[in-house]
Amino acid sequence: MFRRTFWFTAGAAAGVWATTKVNAKIRALSPESLAAQAANKAVETGHRLREFALDVRESMSEREAELDAALGRNQPAPPELPTQRRLAALERGTTTVYTAAEDHLKHPNNRNEDH
C-alpha cells in the first residue's frame, strides 16, 4: 500500500511539474512575450552601441591629443580674420525704394512680370 501511495504521489508531482513547465513555455512563446523579449534585446543592444560609441570618442580624442602634441599643434589659434566691409549704402543707412514702374524704367530688359 505504501508503495502505491509513493508512486501515485510521484506521478502527481511529475504531472504538476510538467504542466507548469508547459504553461511557462506557452507563455514565453506568446506574441506579447516575444515582442517584449525583442524590445529588451533592442534596448540592450542600444546601450552596448552607446557605450561603444563613447569609448570610440574617448579614444579618438586621446589619439588626437597625442598627434597634436607630436606635430606641435598645441599653439594658440591665429587671430580671426577681419570681417568683410559692408556695402556703403547699408553703412550710411540710406535705402532707395523704387516702385514697379520706376524699376521697369531703370531696368528695361527685366522681363520679370511678378513686379
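1. Aspartate 68 lies in helix H2; helices (H or I, at least four residues) and strands (E, at least two) are DSSP runs, numbered from the N terminus. The model is a predicted one, in which local features need pLDDT of at least 70, side-chain atom pairs count only at pLDDT 80 or more, and totals for chains, interfaces and linings use all residues. Residues are numbered from 1 along each chain as its sequence is written, and side-chain values use heavy atoms, with hydrogens and water left out.

2. Aspartate 68 counts as buried because its relative accessibility is 17% (buried means under 20% relative accessible area, exposed over 50%, partly exposed in between; 1.4 Å probe, protein chains only). Leaving aside residues up to four places away in sequence, aspartate 68 touches Arg73 and Asn74, a contact being heavy atoms within 4.5 Å.

3. Aspartate 55 is placed in helix H2, which covers residues 31-71. With a relative accessible area of 47%, aspartate 55 is partly exposed.

4. Regarding the chain as a whole, the secondary structure comprises four helices and zero strands. Along the sequence the pattern reads α-α-α-α.

5. Of the 115 residues in the protein chain, 2% are buried. The accessible surface of the chain is about 11,400 Å², and carbon and sulfur atoms account for 60% of that surface; accessible areas come from the Shrake-Rupley method with a 1.4 Å probe, and for residues only the protein chains shown count as cover.
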